[in-house]
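Biologist: Before I use any terms from this analysis, I want to see what each of them rests on. Please take me through them.

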Amino acid sequence: MANYRVFLTGVGGQGTLLATTVLAEAAIRAGHNALTSEVHGMAQRGGIVESTVMIGDIKSPIISDGEADALLGFEPVETYRAMRKCRADSVVVSNTDPTIPYGVAIGRGDYPNVEKLFDFIRSRVKQLITLNAHALAKQAGSALTANMVMLGALAGSGVLPVSKEAFEWTIRTKAKEKFVETNLRAFDLGFAAL
Amino acid sequence: MHPLLTQEVDKKLLLLGNEAIVRGAMEAGVAFATTYPGTPASEIGDNFFRIAAESELYFEYSINEKVALEAAAGAAVSGVRAMCSMKHVGLNVAADPLMTLAYVGVRGGMVIVTADDPAIFSSQNEQDNRMYARLSNLPMLEPASAQEAKEMTEAAFGISEALELPVLLRTTTRLSHCRSIVTTGPLESSKTRGAFEKESSRFVPVPANARVRHRVLISQGEKARNMACRSPFNTVTGTGRWGIGTSGIAYNYVVDAIKDLGIKDRVKIFKLGFTYPFPEKPAAEFIGSVDKILVVEELEPFLQDNLKVTAQTIGIVIPIAGKDPELFSRLYEFDPGMVREVIARFFQLDYTPPRPVDIKEDTEAVQVPMRPPNLCAGCPHRATYYAVTSVLRETQTEAVFPTDIGCYTLGFLPPLQAADIFICMGASITLAAGISRVTDKKVIAFIGDSTFFHSGITGLINAVHNRHNFILVILDNGTTAMTGHQPHPGIEITPPGWDKPYISIEAIARGCGVEQISVVNPLNLDKTKAAVKEALESNLLSVIVAKSPCPLYEARMLGKKKKRGFVVGPECNTDCTECIDTFGCPALYKNTAPDAKTTMIINDNVCIGCGVCIQFCKKIRPKKI
């Protein structure tokens with residue numbers, strides 16, 4: 001079978017690492033080999049958090065430039081910044097809701113126009129899927145489930161050989177019991193957001 | 001039950017490299033584990049901490065890596081299996097006991113984990129700790145996957161007991177923090193009680209004994225080399241006249257590259273897992289079976305040099321290359337694409353790398369704003385830095401700020417810029433001694449609570465005794481915050497079941513002979529500034545303990561309390577931006593909305609209600625409830 005490399009990027013506190021593990025577990029549930037890599041420590045203090053999930057017969061846990069099959073961007077500027085990981089036939093799923101960097105908040109630099117970022121991405125990759133994960137997560141019942149919305153959108157894109165059921169099974173098994181239903185709702189909203 | 005304690009055998013778990021090490025140690029029946037937390041090793045200790053609460057395992061967060069290694073050595077010389085884990089620079093701290101522990105050796109298996117950080121994700125350097133194996137003459141294993149991390153950890157205990165030497169297990173960030181499938185083996189019940197059998201000719205390395213023990217170490221080293229030569233962790237696979245030597249995480253990049261390049265039938269891979277002492281026999285056979293060798297290893301040319309030495313010994317002259325301006329760098333980490341490209345170049349293969357999307361080609365020329373890490377909203381360190389820098393501004397005093405290692409190192413960023421130099425754990429105090437002795441500026445050193453316990457105390461005694469004159473600010477947030485909120489001897493908010501005595505930083509400072517000490521809550525700006533002023537006016541070495549818990553830790557341990565919110569009043573409509581120019585809380589930002597009525601605005605979702613800003617700006621006030 002083919003191999004898939006997924007690059008995830010976001011800002012500390014957005015739950016990208018949980019999404020990373022859920023994606024890998026779901027891929028294993030679907031019968032594939034999976035591995036991930038994460039970065040912990042200083043990088044996480046309000047900074048960028050990048051992680052990867054490999055599905056299939058791959059041993060290397062990290063992704064070189066131009067080698068991501070899919071990119072899951074939890075924040076529009078971070079999606080754009082990580083575009084070096086993509087190539088012409090990559091699929092990009094991005095949240096549209098910005099998290100303003102501190103430098104911008106204090107007037108040092110501007111936050112770019114998100115639509116223009118997306119226009120560029122659209123012109124360079126096979127497909128760009130955008131959604132407001134923050135709004136959908138709130139609709140699901142908790143702003144903290146934006147990560148599940150994003151996973152839902154990735155699953156809905158059909159890029160990966162991982163069924164909706166495998167994701168749902170993983171969320172049921174891995175999430176804390178009282179959050180399972182909200183997480184599943186968030187996942188569904190993301191899945192249907194295309 | 002802790003998932004790593006599952007009794008189920010052949011169970012497939014998706015584990016971090018660090019978790020796999022813990023499982024391997026449990027499968028080897030480890031009974032005693034120590035650490036000082038540090039990225040990328042922290043999860044090893046954190047898992048042992050939780051496991052110890054529900055098993056026979058003894059675990060401690062030791063005060064520093066030297067102490068951790070010595071405590072583990074004490075258990076191991078008494079016949080109990082022990083593990084000690086740390087980040088790469090931690091082994092510098094523990095290097096003193098390491099070198100002589102190698103002479104006296106151990107009786108129970110002892111494994112020392114060193115987690116290196118190529119590319120410097122969360123460290124101050126990227127030293128290659130494989131050099132420590134050579135320096136100390138101790139055996140070393142280097143896993144390439146989480147599964148191997150488990151297997152090698154378990155095997156390392158056996159190797160250690162067979163040789164009566166501690167064994168180094170070396171990982172890197174990518175191995176420690178990759179997650180892959182690990183198959184469980186049976187858990188071994190641990191032997192928790194030992195006996196210290198006296199043998200002074202061995203364990204008391206006075207010169208006469210040490211000379212003998214050095215000889216023993218060298219001869220054990222030869223036994224270790226024989227073990228490495230026969231080790232299943234050192235393998236040659238594939239066929240062909242091209243050779244690649246590799247170890248650790250880079251092995252994975254090699255395997256993927258060879259598959260991608262379609263040269264499986266032309267390449268032999270010499271994969272090393274038991275990398276020290278260098279397995280000369282299989283290396284010689286490998287060298288004799290190929291025409292040229294590319295060595296793929298991150299950081300220093302460790303395998304490369306050893307392969308060259310072996311080739312010279314057996315009189316074979318073939319190209320053996322790796323670290324070379326045209327091939328691999330000694331800097332940073334590798335990645336799969338880089339390895340594929342260098343392999344293609346070295347063996348002269350046609351290869352076109354994938355073409356990455358380049359945002360520089362965006363005709364809109366978008367400036368992407370940076371997103372550096374920052375102290376959190378409500379962080380008491382920011383309040384302390386603000387108090388210090390405000391007093392210096394008001395009194396027109398210039399100061400030099402030696403600092404130390406922790407979240408508070410981020411105080412070097414604007415607008416606080418309260419960090420001018422740091423080197424290693426504890427060096428704030430000792431650098432301050434030297435700088436204050438030879439310069440005319442005020443010297444104000446900053447050190448965190450956990451770092452003070454780790455290696456600040458000796459420097460403080462030295463400073464008092466030698467009459468050094470500077471201000472030491474101890475940033476006491478009641479936890480080891482940076483590495484994930486591990487406890488230390490001075491914590492007041494304690495984990496469930498914690499029964500260890502509290503040790504007061506203030507009492508330590510007094511015990512060190514410091515006469516001028518003030519303990520302040522940095523969230524109280526006036527009192528903190530008064531303490532700074534008093535210290536500046538004094539001619540004595542002074543210590544300020546700025547004590548307020550890390551809000552993240554407090555929220556996690558005590559539950560989130562809804563604190564009072566704050567708003568910017570309508571009179572904030574001038575061009576004054578002093579709050580962001582001097583304080584820089586991420587909850588305070590410029591109001592750029594088209595209908596903005598105030599210059600600044602407070603982000604309610606980010607503000608935790610610490611209330612420091614209202615103490616320096618009258619335009620900010622509590623929200624009416």
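**Core, contact and pairing**

Modeller: The largest nonpolar core has 252 residues, and those with the most contacts inside it are Met150(A), Ala72(B), Ala82(B), Val254(B), Leu472(B) and Val473(B). This is a predicted model, in which local features need pLDDT of at least 70 and side-chain atom pairs count only at pLDDT 80 or more, while totals for chains, interfaces and linings use all residues. Residues are numbered from 1 along each chain as its sequence is written, and chains are lettered from A and ligands numbered from 1 in the order in which they are written.

Biologist: What makes a set of residues a nonpolar core?

Modeller: Its members are buried Ala, Val, Leu, Ile, Met, Phe, Trp, Tyr and Cys residues joined through C-beta atoms within 7 Å. Buried means that 20 or more other C-beta atoms, placed from the backbone, lie within 10 Å of a residue's own. Met150(A) and Ala72(B) are among the members with the most contacts, so they meet both conditions.

Biologist: Which helix gives the most to this core?

Modeller: Helix H3 (residues 65-77) of chain B, with nine residues; a helix is a DSSP run of H or I with at least four residues.

Biologist: Why are E2 of chain A and E8(B) called paired?

Modeller: Pairing requires at least two DSSP bridges between two strands, a strand being an E run of at least two residues. Strand E2 (residues 34-37) of chain A and E8(B) have three, in the antiparallel sense, so they count as paired. In E8(B), Arg179(B) is the bridge partner of Thr36(A).

Technical notes. Buried ≥ 20, exposed ≤ 12 C-beta atoms within 10 Å, placed from the backbone.
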